[in-house]
Amino acid sequence: MRVLQGAARGVSRAAGAYGPSAVLLALLVVGWEAWVRVFDTRPYILPAPSRIWEGFWGTKGLLPEHIRTTLAEAVLGLGFGAAAGVAIAVLVAGIPLVRRVLMPLLVVSQTVPMVVLAPLLIVWFGFGMTPKVVVVALWGFFPVAVATADGLMHADREMVGLVRSMGGNRLQVLRYIAVPAALPAFFSGLKIAAAYAVGGAVVGEWIGASSGLGLYITRAQTSFRVDRVFVAVVLIALLSMLLFAAVHMLARLATPWMYVKTEEETT
Amino acid sequence: MVTPAVRVEGLEHTFRQKGREVRALDRVDLEVGEGEFVALVGPSGCGKSTLLRVLAGLLVPTGGSAEVGGVSAVGRPGLVAFMPQKDLLLPWRRALANAALGLEVHGVPRKEARARARALFGVFGLEGFEQAWPVQMSGGMRQRLALLRTFLVPSRVLLLDEPFGALDAITRRGMHAWLQAVLALEPRTVLLVTHDVEEALVLADRVVVMSPRPGRLVEEVAAPFPRAREPGIVTSPGFVAAKARVLAALGEGGGTLAEAGEERRAPGA
């Protein structure tokens, strides 16, 4: 009984949190459908939601493999990007010279449009998954590096002093203060990177690939199947949300103190 | 001659602030005997905290010497158990892990450190809160946890920088009685910084008065009672007389306590 009540509370809370967005989304979809039917818009200009659904249903046999490829590239790229981001953050936060030399270059690196870089990466790494993983990693390392470096550099000086007064060395200060203090910032960076990871993989595939949602889009475009392009768009959005939620779960596990409810908040 | 637990000789400190030279400490001499409880009172900005930071090894003074247990503490942290003004509980550690921090930093294996911390949770009135996060605890509990953490640092000398400054008067009085009980159980040498004269006289064996910046020692008043004082002692004639002496010394120093209350955190302190 209590379990049921708890579940009901959970559902009603979720409805309270996401209900308004869901209603708005539903209204948009209905309006879109009505618009296309009333004005008889050509399907290769703007397909109705019902037509997009048909497009999804017609290619549902092909989609799992494309999704698998894209998701694998996104997750791998995010992992490598996060690792590189953390490594850079440690260097930037720890060594002032590195900060002065590297920081401007990092910012410049983010101004190179990925559509320019992606074809080069395909020349260097071939048509397989590697260039896509590299695109995602290049996109993802930056927010992780910037946020983590910020977190590492803004560790509470008095807390650092406390550990030092206990006779703690630099490594212990890092372990007991700087790293845990930087974790929430790291996860903020990782969330941003996660939101862009699937899109990054698709951009990589779009230039040239043998599998993946980017390839699915290029094929759909060349045959003027705009409905299928929209199918891919919806899938990319769903996958991005999935990845974002996964990172959020990870953050809850790794930084539980950030999600503690105090007495006043619960009552 | 027995080596005192803490010995400070000719201690001076000058720092630069906005291009001006600021003299924080001026030829301070102070000895604290083994097991003694000394309170340091003075207006804000008189260099009390600076003195503690020097003894904690966190600040290298511009002159003089500071020893803990016969060893120079200048630029050498790890000799004392230091409790800063803020409780500075690490938000990412549960209460038990926070208490065990000093032991872990000193290389005690985590499991043993936490077992030793757990054993003292009852004494510090924290039983049942071992797994609580700091944000879930009240101000008084946080302060007791910070004190427990300080007691667990493997050092005989405690430096307490206004440990009860953030608490309301009633909670503070309770903490005084409780701290005396804990010290009877777990004796330590204590150097307490406060600007609450009553607190100093209730807790300490000896009260040392500092002048406003540049901080000098201007008066020493022995508490006219043995330890284990009842809260009611504050109205006894002996206590009132001692309090009057301390307040007079503070007045002569040029600052008043009202001023001291205005600016809680001294710049550069």
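Strand E3 (residues 37-41) of chain B runs parallel to strand E8 (residues 189-194) of chain B, and five bridges join the two. The model described here is predicted. E3(B) also has a parallel partner in strand E9 (residues 206-210) of chain B, to which four bridges connect it.

- Val38(B) has Leu191(B) as its bridge partner in E8(B).
- In E9(B), the residue opposite Val38(B) is Arg206(B).
- E3(B) is mostly covered, with five of its five residues buried.
- Phe37(B), Ala39(B) and Val41(B) point one way from E3(B), whereas Val38(B) and Leu40(B) point the other way.
- In a regular strand, side chains alternate between the two faces of the sheet.

**Helix H1**
- Helix H1 (residues 48-55) of chain B is likewise described as mostly covered, and eight of its eight residues are buried.
- Among the buried residues of H1(B) are Lys48(B) and Arg53(B), along with Leu51(B), Leu52(B) and Leu55(B).

**The antiparallel sheet**
- Four strands of chain B form an open sheet in the order E2-E1-E4-E5, with antiparallel pairing.
- Strand E2 (20-32) and strand E5 (71-72) of chain B each have a single partner strand and stand at the edges, so one side of each lacks a neighbour in the sheet.
- Nine bridges link strand E1 (residues 6-17) of chain B to E2(B) in the antiparallel sense.
- Val6(B) has Val32(B) as its bridge partner in E2(B).

Methods
Residues numbered from 1 in each chain as written. Chains lettered and ligands numbered in written order. Predicted model: local features only at pLDDT ≥ 70, side-chain atom pairs only at ≥ 80, totals over all residues. Buried ≥ 20, exposed ≤ 12 C-beta atoms within 10 Å, placed from the backbone. Pairing = 2+ DSSP bridges.
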